[in-house]
Amino acid sequence: MSAAPWYAQSPYGIRFEWGPAGAERIRHGCACVVVVDVLSFTTAVTVVVEAGTRVFPYAWRDETAATFAKDKGARLAVGRKAVSEESPWSLSPAALRRAPTADRLVLPSPNGSTISAAAASAGATVVAGSLRNARATGRWLADNGFGSPERPVAVIASGERWPDGSLRPALEDLLGAGAVIAALADAGRDGLSPEALNAHASFRTTADVTSAVADCASGRELIAYGFAEDVAVATEIDGSGIVPVLTDGAFVAAT
């Protein structure tokens, strides 16, 4: 058997990486991938899955998304600023709370959705993690045997993108990933890679996570655009016991 590549963070049971490119590298050999996109993909997923909606991730918000939604018999989420009476579903967690409950919803996202689809194609169990459900996610992972060298879990901070398309590491996703890793550690899993240890430490040593998310670059951006309520929903720390798991192409609540 060939040795694991240098970027695999082997033989640790709990691993951490950034963005779609990092997820693409590290997902191979991992039994589970936890996608963390706090502002707002995975937070939005927790909100609608709580209501019983099946959420289909999709990478792009273009004409192909409408075709995909039609094929799935699902509603299509629009951009935050495109919400209307006819299309009340968007990537905004606050708007989703106000919208009528949809049985099926396609939620386009170039980061969180892309990572979710890629991880699923590699055969890994894919979970949507956030600050809202970090403790529940960590407990579920441990209860289902993830986080050991035999069944490693990779926690992915999705990050954002600069105008040139390159990754912009985002503090809110580092903290969300760290919260999931901390919950795994609290559940007795202790095989953290150095990368995972540092994400864990970032969460543990942040005195006020809510204020940090609101005052970081991504939080300020959303607040400036009039979406302060989305930041508030995203920082309902451990306010949800739902663990969305990608099943047959859609996120549903784990049993």
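Biologist: What covers the buried residues of α10?

Modeller: The cover includes the strands β8 (160-161) and β9 (167-168), together with the helices α7 (171-186), α9 (209-215) and α11 (228-234). Contact here means heavy atoms within 4.5 Å. Helices (H or I, at least four residues) and strands (E, at least two) are DSSP runs, numbered from the N terminus. The model is predicted: local features need pLDDT of at least 70, side-chain atom pairs count only at pLDDT 80 or more, and totals for chains, interfaces and linings use all residues. Residues are numbered from 1 along each chain as its sequence is written, and side-chain values use heavy atoms, with hydrogens and water left out.

Biologist: How do you know that the buried residues of α10 line one face of the helix?

Modeller: The buried residues of α10 (residues 217-224) are Ser218, Gly219 and Leu222. Viewed down the axis of α10, they fall within an arc of 100°, and therefore they line one face. The arc is that of the directions from the helix axis to the C-beta atoms. Buried means under 20% relative accessible area, exposed over 50%, and partly exposed in between (1.4 Å probe, protein chains only). Ala217, Arg220 and Ala224 are exposed, on the face of α10 turned away from the buried side.

Biologist: Why do residues three or four places apart point the same way in an α-helix?

Modeller: The reason is that an α-helix has 3.6 residues a turn.

Biologist: What puts the buried residues of α3 on the same side?

Modeller: In α3, Ala65, Phe68 and Ala69 are buried. They cover an arc of only 100° around the axis, which places them on the same side of α3. Glu63, Lys70 and Asp71 are exposed on the other side. The buried residues of α3 pack against β3, β4 (75-76) and β5 (104-108).

Biologist: How many aromatic pairs does the structure hold, and why is the pair of Phe16 and Trp18 called edge-to-face?

Modeller: There are six aromatic pairs. The ring centres of Phe16 and Trp18 are 5.8 Å apart and their planes stand at 75°, so this pair is edge-to-face. By definition, rings of Phe, Tyr and Trp (its six-membered ring) pair if their centres lie within 6.5 Å; planes under 30 degrees apart count as stacked, over 60 as edge-to-face and the rest as tilted. Phe16 and Trp18 are both buried.

Biologist: What makes Tyr58 and Phe68 a stacked pair?

Modeller: Tyr58 and Phe68 lie 4.6 Å centre to centre, with 25° between the planes. This pair links distant parts of the chain: Tyr58 belongs to strand β3 (residues 54-58) and Phe68 to helix α3 (residues 63-72), 10 residues apart. Phe56, Tyr58 and Phe68 form one aromatic cluster.

Biologist: Which residues lie nearest the centre of the largest pocket?

Modeller: Leu39, Arg80, Leu91, Glu160 and Glu221 do, out of 23 residues in the lining. Two or more lining residues come from each of β8 and α10; α10 gives the most, with three. The volume of the largest pocket is about 570 Å³.

Biologist: What makes an open set of points a pocket?

Modeller: On a 1 Å grid over the protein atoms alone, it must have protein on both sides within 12 Å along at least five of seven lines, and lining residues have an atom within 4 Å of a point; a set where a 1.4 Å probe fits but cannot get out is a cavity. Grid points are joined across faces, edges and corners, and the volume is the space filled by probe spheres set on the points.

Biologist: Why is His200 counted as buried?

Modeller: His200 counts as buried because its relative accessibility is 17%, and the limit is under 20%. His200 sits in helix α8 (residues 194-204). Leaving out residues up to four places away in sequence, it touches Gly178, Ile181, Ala182, Ala185 and Leu192.

Biologist: Why is Asp238 called partly exposed?

Modeller: The relative accessible area of Asp238 is 33%, and values between the buried and exposed limits are called partly exposed. Asp238 lies in the loop between α11 and β10 (244-247), and its phi is near 55°, a positive value in a residue other than glycine.

Biologist: Where is a cis peptide bond with omega of about 10°?

Modeller: This cis bond joins Ser10 and Pro11, and Pro11 is in the segment before β1 (14-18). The bond from Leu39 to Ser40 is also cis, with omega near 25°. Most peptide bonds are trans.
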